[in-house]
Amino acid sequence: MGGVEHEDPPLKRVKVSSEESDSFSSVASVRELARCSSSDSMARLLESQEDDEVVGVKGVVKKVELVRIIAEALYSLGYEKTGAHLEEESGIPLHSAVVNLFMQQIIDGEWTESVATLHKIGLIDENIVKLASFVILEQKFFELLVGEKVMDALKTLRTEIAPLCVCTSRLHELSSLIVSPSQIALDGTSDQQLRIKSRKKLLEELKTLLPSTVMIPENRLVLLVEQALDLQRDACRFHNSLVEEMSLLSDHQCGGDHIPSQTLQILQEHSNEVWFLQFSHNGDYLASSSSDCLVIIWEVKVDGRISLKHRLSGHQKPVSYISWSPDDRQLLTCGVEEAIRRWETASGECLLVYEKGGLGLVSCAWAPDGRRIFCGVTDKSICMWDLEGKEVECWKGQKTTRISDLGISSDGKHLITICKENMISLFGWESNSEKFIEEDQTIISFALSKDKKFLLVSLLNQELHLWNIDGRVELVAKYKGHKRSRLVVRSCFGGLDQAFIASGSEDSQVYIWHRISGELIFTLPGHSGAVNCVTWNPANPHMLASASDDRTIRIWGLNQVDMTENGKHSTGVCYCNGGNLKSSIL
């Protein structure tokens, strides 16, 4: 591939570089108040455990806490006798006597008594006491209404709930129920069944409201174990399979054979350098484009084989960009500073050509609803069209560059584009607001994660930067190792839960990093020219594709896949057993 001549129109993708609304549940606002208040109160509980004995080699696990959460787990599993025996033998109660009394009063619906007992538990923070009292008395109010004791409910609201001065907006909502009690939705069970069910739910809420030292949260031990398994999985640099069960009996560690690192097929239908490729969202198709002006739709068979489905001809210039519709039934393709074509996946028919007089189009993307498309224009503007070809909107100014990627946020309200050499714009096209990501280096390309919360940016200095764009924009990781000096080399997210980062490279290899640790775990040799683009099958974590200047597309899979055929086929597919194509585990 050649270099770039300063301001001349690019003939290929070389980067120019210069300088429960349920009425029986407390509302979220009450819980939020509780979280703010309880953060200080947890450590200020009057009750304190005198026994500071610890267990474990690191000396960080308190024996009292461990025994209590084990007891809670036993009760949750239904082992009542065993839980009680543990409390008796250890001398460590799950809850204090006053807390046990409080919990029983809640289940029995003894509201006045439970509020009185709440004050005896020993909480210093009065806000927590008020919030918990509010939740309890709200339950009393609901049950009185359900029992058609409207005047008693009104009395509770005026004389018990209102004086707490907690959550005024919620108080107004409760007042409206006095006028129209039919707003309370029942679930078809009898009143008594409903009360028992909602009281148990009330207890669960109180456990989240009160400090954990007072009432052990539900399923605390299970939650801790799940967190431990999650940490082990995230730390496993090769975890890429749902089949691999995680056991509590041993530490989790996968092998490198879970990563697609073996060449299974070589697709050879393009007659020139392959610049771009992308799997469909459902993983059933692969689209590729080339400097031969051809776009090919490949079909992923049930057995994992890739076969040619359609050759899409019509572009007069090399095709540099592809975008699948949200339902994968259509495909957008963009020639280099030319036109955008919209194709039907099933038939391969060109449905419409989008052009802008006197200007070229450089990138394309679908709105999440699939009813509009966006494109970057050579005059640095961004345009929006409907599917009939009518230009709906055009945003002028420095919105994009001549060679650019284009992304759309999950809500469809923000356009993501390279607006300057070292800057990415997150443009709110409805609100006309804008925020930026600024890099120290020239930006080559970018890729969006599946959930649209992360942006992977490829830079001139041969680094990949991972940015969190969900809310506060921040840099979270960097990846190094691949080679890039003058070409547009693209990267992608992939694998199970998108736990990996893959990138092309000018040294003819594919590079794979573990996303969380940033560790380079694989380099995949095989191509004989620069690898321009990579794409990971979103429906199959064991399938990766790469496009190269050597005019081929390689399909990478697992080492243990048994391939029985060798040689070139009339479909433009070469099947490999991979015997002499060894990947490198780093």
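Student: How are α6 and α7 oriented to each other?
Tutor: Let's work it out together, keeping in mind that this is a predicted model. The axes of helix α6 (residues 126-146) and helix α7 (residues 150-161) come within 8 Å and cross at roughly 165°. Angles over 145 degrees count as roughly antiparallel. The two helices α6 and α7 are therefore roughly antiparallel.

Student: Is the crossing of α6 and α7 left-handed or right-handed?
Tutor: The pair to look at is α6, residues 126-146, and α7, residues 150-161. Their crossing is left-handed.

Student: Which residues in α7 do the residues in α6 meet, and how do the residues of this contact divide?
Tutor: Start on the α6 side, with F134, L137, E138, K140, F141, L144 and L145. Facing them in α7 are V150, D152, A153, T156, L157, E160 and I161. By kind, the residues of this contact are nine nonpolar, one polar and four charged.

Student: Now to the strands. What is the order of the strands in the open sheet?
Tutor: Strand β16 (residues 406-408) is joined to β17 by three bridges, and β17 pairs with strand β18 (residues 423-428) over six bridges. Another six bridges join β18 to β19. With antiparallel pairing, the order is β16-β17-β18-β19.

Student: Which are the edge strands?
Tutor: Look for strands that pair on one side only. In this sheet of four strands, those are β16 and β19 (433-438).

Student: Is strand β17 mostly covered or mostly open?
Tutor: Strand β17 spans residues 414-420. Five of its seven residues are buried, and buried means under 20% relative accessible area. That makes β17 mostly covered.

Student: Which residue in the turn between β16 and β17 has a positive phi?
Tutor: β16 and β17 form a hairpin with five residues between them, while the hairpin from β17 to β18 goes through two residues. In the turn between β16 and β17, a phi of about 75° belongs to G412.

Conventions: Residues are numbered from 1 along each chain as its sequence is written. This is a predicted model: local features need pLDDT of at least 70, side-chain atom pairs count only at pLDDT 80 or more; totals for chains, interfaces and linings use all residues. Side-chain values use heavy atoms; hydrogens and water are left out. Axes are lines fitted to C-alpha atoms, for helices over the stretch in contact, and angles run from 0 to 180 degrees between N-to-C directions. Angles under 35 degrees count as roughly parallel, over 145 as roughly antiparallel, 65 to 115 as roughly perpendicular and the rest as oblique. A crossing is left-handed if the near helix is turned anticlockwise from the far one by less than a right angle, and right-handed if clockwise. Contact means heavy atoms within 4.5 Å. Ala, Val, Leu, Ile, Met, Phe, Trp, Tyr, Cys and Pro count as nonpolar, Asp, Glu, Lys and Arg as charged, and the others, Gly among them, as polar. Buried means under 20% relative accessible area, exposed over 50%, partly exposed in between (1.4 Å probe, protein chains only). Two strands pair if DSSP finds at least two bridges between them.
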